[in-house]
Structures are given as structure tokens and as C-alpha cells.
Amino acid sequence: MTNADELKDKGVELYKQYDFEAAAKAFEQAKDAYLEAGQKGAAAEMLVNIGLVHRSLDEGQQAIDVMQEALATFQETQDALRTAQTLGNLGGVYAKINDKEQAYNCYRQAADIFEELGEKQMYGETLVAMSALQVKDRKIMEGASTYEAALDNMDELNASQRVIKGLLGIRNRVLGGGQSSDTASSDEPSEKPNE
């Protein structure tokens with residue numbers, strides 16, 4: 001394990017302990033160490049983590065700025081998976097600052113890339129985030145449909161999601177339908193630092 005990896009792990013632990021300023025410092029040090037080692041992608045991941053710290057501290061514009069910088073790196077290196085993850089995190093930041101248009105745009109782009117890559121779990125998680133935004137935006141039926149599509153794509157469900165999926169299955173059998181819809185929805189994708 002390199003010094004950069006140790007710094008990243010330290011940042012993740014500090015983040016989990018809600019010591020956001022110390023986490024940001026560790027992520028910044030990890031970023032510098034990754035850059036020194038020529039690991040541009042890993043350094044950009046630390047920018048995303050720093051952005052998540054800013055998001056947690058309600059510093060929306062700072063979060064957007066550093067995540068946009070990371071996004072540019074991932075797009076430049078044609079790293080589709082990290083591009084989608086960063087877009088999902090940006091969607092979460094935009095949703096938090098109530099810029100619904102940008103949030104939807106980021107979530108949709110992230111979901112499309114995850115689907116294209118065959119990343120069903122991440123696709124579903126992005127749909128869950130999008131669904132939450134739709135419901136908050138009073139688009140209840142659209143949000144419910146998106147949530148249902150999310151559950152259809154996720155293998156790892158929490159307890160309440162398993163119950164909801166079971167109830168949807170019963171509803172579909174009673175109504176004579178087959179599977180749930182194929183729409184898209186998402187909660188907060190990857191709202192934790194990259195580990």
C-alpha cells in the first residue's frame with residue numbers, strides 16, 4: 001500500500017466519523033501524492049471525495065467546482081465508469097442546492113452511461129436518486145415509476161426496498177402485469193468517498 005493509499009484510507013475513515021475538515025486535508029494530501037506518482041485518475045478521485053466533503057458542509061459551489069475538475073479529467077482519459085460516478089455525485093450536489101434541472105441532467109447522463117456499461121446496480125442507484133428528486137419535485141407518479149425501474153435493476157436492496165419490490169410484484173400479479181416498468185430513477189449514488 002502506498003502513502004497515497006494510506007492517506008486516502010485515512011480520509012475515508014475521517015469522513016465516516018464526520019470529521020470533514022480533516023478528511024478534506026487527507027484527501028488533498030492523497031491527491032498530491034497520487035499526482036506525484038503519475039496516477040492522474042486516482043488524484044481526480046480525491047477531488048470527487050473533496051467535493052463530497054464540501055457537499056456535506058453545505059458548500060455547494062465548492063463541491064461543484066472540484067467535481068467538475070475531476071469530471072474533466074475522467075472525460076479526457078475516456079474513463080466512462082468514473083465519469084458516470086462523478087456525474088451521479090454532481091447530481092446529488094445540484095439536488096442539494098435545489099438546481100433541479102442540472103441535477104436531472106447529471107443523473108440522466110450518469111444513468112445512461114451506467115446502463116451502457118452494464119453496471120446494473122449503479123444504474124439502479126442512480127435511478128433511486130432521480131426518483132427521490134422527482135418525488136420532491138411533486139412528480140409522484142413519475143418518481144414511483146422511476147423507483148420501480150431502479151428496483152428492477154438492483155441486486156443489492158436494503159430492507160425497505162425488498163419490501164417495496166415484493167409489494168410491487170404482488171400488485172403486478174393482481175393486475176395481470178408481468179415485470180415492473182423499465183423507467184429510470186435514483187437516490188443518492190455513491191454519496192460516500194471513493195474507497
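This is a predicted model: local features need pLDDT of at least 70, side-chain atom pairs count only at pLDDT 80 or more; totals for chains, interfaces and linings use all residues.
Colleague: Fine. So how do α3 and α5 pack, at what angle and how far apart are their axes?

Modeller: The angle between α3 and α5 is about 15 degrees, and their axes lie 11 Å apart.

Colleague: Is that roughly parallel or roughly antiparallel?

Modeller: Angles under 35 degrees count as roughly parallel, so α3 is roughly parallel to α5.

Colleague: And which residues make the contact?

Modeller: From α3 you have G41, A42, E45, V48, L52, R55 and S56. On the α5 side there are R82, T86, N89, G92, V93 and K96.

Colleague: How many of those are nonpolar, polar and charged?

Modeller: The contact of α3 with α5 has 4 nonpolar, 5 polar and 4 charged residues.

Colleague: Left-handed or right-handed crossing?

Modeller: Left-handed, for α3 and α5.

Colleague: OK, over to the core. How many residues are in the largest nonpolar one?

Modeller: The largest nonpolar core has 56 residues. F27, Y34, V53 and L90 have the most contacts inside it.

Colleague: Which elements give two or more residues to that core?

Modeller: Those are α1 (3-16), α2 (20-36), α3 (40-56), α4 (60-76), α5 (80-96), α6 (100-117), α7 (120-136) and α8 (140-153).

Colleague: Which one gives the most?

Modeller: That's α3, with 9 residues in this core.

Colleague: Now the loops. What's the phi of Y18?

Modeller: Y18 has a positive phi, about 65 degrees, even though it is not a glycine. You'll find Y18 in the loop between α1 and α2.

Colleague: Is Y18 buried or exposed?

Modeller: Y18 is exposed, at a relative accessible area of 66%.

Colleague: And D58, what's its phi?

Modeller: For D58, phi is positive too, about 60 degrees, and D58 is not a glycine either. D58 sits in the loop between α3 and α4. With a relative accessible area of 59%, D58 counts as exposed.

Colleague: Last one, K120. Where is it, and what does it touch?

Modeller: K120 is in helix α7. Leaving out residues up to four places away in sequence, K120 touches D152 and N153.

Colleague: How far is K120 from A150, C-alpha to C-alpha?

Modeller: Their C-alpha atoms are 8.9 Å apart, with K120 and A150 being 30 residues apart along the chain.

Colleague: And how exposed is K120?

Modeller: K120 is partly exposed, because its relative accessible area is 44%, between the 20% and 50% cut-offs.

Conventions: Residues are numbered from 1 along each chain as its sequence is written. Side-chain values use heavy atoms; hydrogens and water are left out. A nonpolar core is a set of buried Ala, Val, Leu, Ile, Met, Phe, Trp, Tyr and Cys residues joined through side-chain atoms within 4.5 Å. Buried means under 20% relative accessible area, exposed over 50%, partly exposed in between (1.4 Å probe, protein chains only). Helices (H or I, at least four residues) and strands (E, at least two) are DSSP runs, numbered from the N terminus. Axes are lines fitted to C-alpha atoms, for helices over the stretch in contact, and angles run from 0 to 180 degrees between N-to-C directions. Angles under 35 degrees count as roughly parallel, over 145 as roughly antiparallel, 65 to 115 as roughly perpendicular and the rest as oblique. A crossing is left-handed if the near helix is turned anticlockwise from the far one by less than a right angle, and right-handed if clockwise. Contact means heavy atoms within 4.5 Å. Ala, Val, Leu, Ile, Met, Phe, Trp, Tyr, Cys and Pro count as nonpolar, Asp, Glu, Lys and Arg as charged, and the others, Gly among them, as polar.
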